[in-house]
Amino acid sequence: MNDRINNAAYACGRDPETIRLVAVSKTIPADMVREAINAGVIILGENYIQEAREKINELSAFPVSWHFIGHLQTNKAKYAVRLFDLIHTIDSLKLARELNKQAKKINKIQQIMIQINISMESSKSGVYEQNSLSLIRDISCLQNLSIRGLMTMPPFFNSPEKARPYFSALRELRDKIKKEAIQNVSMEELSMGMTGDFEVAIEEGATLVRIGTAVFGKRN
Ligand SMILES: *Cc1c(COP(=O)(O)O)cnc(C)c1O
């Protein structure tokens with residue numbers, strides 16, 4: 001997996017060190033995750049709080065970082081701040097406020113990403129691009145949250161090139177928000193690209209690629 005990421009980076013003149021693999025372990029049992037860790041995986045991505053709690057407990061001896069990449073319900077915020085180093089999917093002020101409150105209780109600065117619904121599909125999570133700047137300004141005032149960048153999921157295509165415009169749109173939005181130089185907001189990370197399209201996402205500037213199937217094999 002790392003070879004494919006490195007090759008994609010070199011092919012477009014990027015330093016591979018600027019791209020991190022988030023191995024997506026949803027539905028994958030702890031034993032298989034342990035094998036991946038032993039093979040060198042250092043960041044894992046989970047979608048479901050309950051499943052992640054058990055797995056993270058079981059693998060607590062390993063010095064790995066856990067990221068939350070699923071849809072976060074407000075009532076699970078208190079677990080999320082205890083379990084995850086980075087939460088990729090913040091898309092509302094209500095959720096951010098609750099997360100801030102829970103992070104404060106445990107004296108933590110929670111690292112987060114803002115999920116953008118770049119394709120404007122009504123079925124999808126994420127804030128619309130046109131509302132993103134004001135959301136980020138509002139969240140930047142919450143003292144126990146730290147915004148690191150943007151995340152998106154393009155529509156599903158069977159050809160990775162079709163996802164490219166969505167990835168480049170996310171990068172352009174990131175650049176635009178960066179120019180605003182909002183206090184307490186870093187726009188260094190772009191979480192985009194999965195098994196089917198991560199090479200294109202890397203060409204378009206991804207710094208975190210979320211890859212499940214190509215790491216663990218097909219999920220049930
Ligand atoms: C499952 C999932 C992935 C990984 O998908 P693969 O196609 O298996 O690489 C990435 N991101 C999110 C948000 C996911 O839910």
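**Lining of the largest pocket**

Divide the residues that line the largest pocket into nonpolar, polar and charged.

Solution. The lining has 13 nonpolar, 12 polar and 5 charged residues. Ala, Val, Leu, Ile, Met, Phe, Trp, Tyr, Cys and Pro count as nonpolar; Asp, Glu, Lys and Arg count as charged; the others, Gly among them, count as polar. The model is predicted: local features need pLDDT of at least 70, side-chain atom pairs need 80 or more, and totals for chains, interfaces and linings use all residues. Residues are numbered from 1 along each chain as its sequence is written, and side-chain values use heavy atoms, without hydrogens and water.

A pocket is an open set of points on a 1 Å grid over the protein atoms alone, where a 1.4 Å probe fits, with protein on both sides within 12 Å along at least five of seven lines; lining residues have an atom within 4 Å of a point.

Last, the volume. The largest pocket holds about 730 Å³, counted as the space filled by probe spheres set on the points, which are joined across faces, edges and corners.

**The ligand**

Solution. Residues around the ligand (a heavy atom within 4 Å) include Val24, Ile69, Met153 and Thr195. By class, this shell has 5 nonpolar, 4 polar and 3 charged residues.

Now take the distances. A ligand nitrogen is 2.9 Å from a side-chain N or O atom of Arg210. The protein covers 90% of the 380 Å² of accessible area that the ligand has on its own (Shrake-Rupley method, 1.4 Å probe).

**The second largest pocket**

Which element supplies the largest share of the lining of the second largest pocket?

Solution. Start with the volume, about 230 Å³. Then list the lining: among its residues are Asn2, Ile5, Pro16, Arg20 and Gly40. α1 (2-11) and β1 (20-24) each supply at least two of its residues. Helices (H or I, at least four residues) and strands (E, at least two) are DSSP runs, numbered from the N terminus. The largest share, 3 residues, comes from α1. By class, the lining has 7 nonpolar, 3 polar and 2 charged residues.

Technical notes. A polar contact is a pair of N or O atoms within 3.5 Å; within protein, one must be able to donate a hydrogen and the other to accept it, and residues adjacent in sequence count only if both atoms are side-chain atoms.
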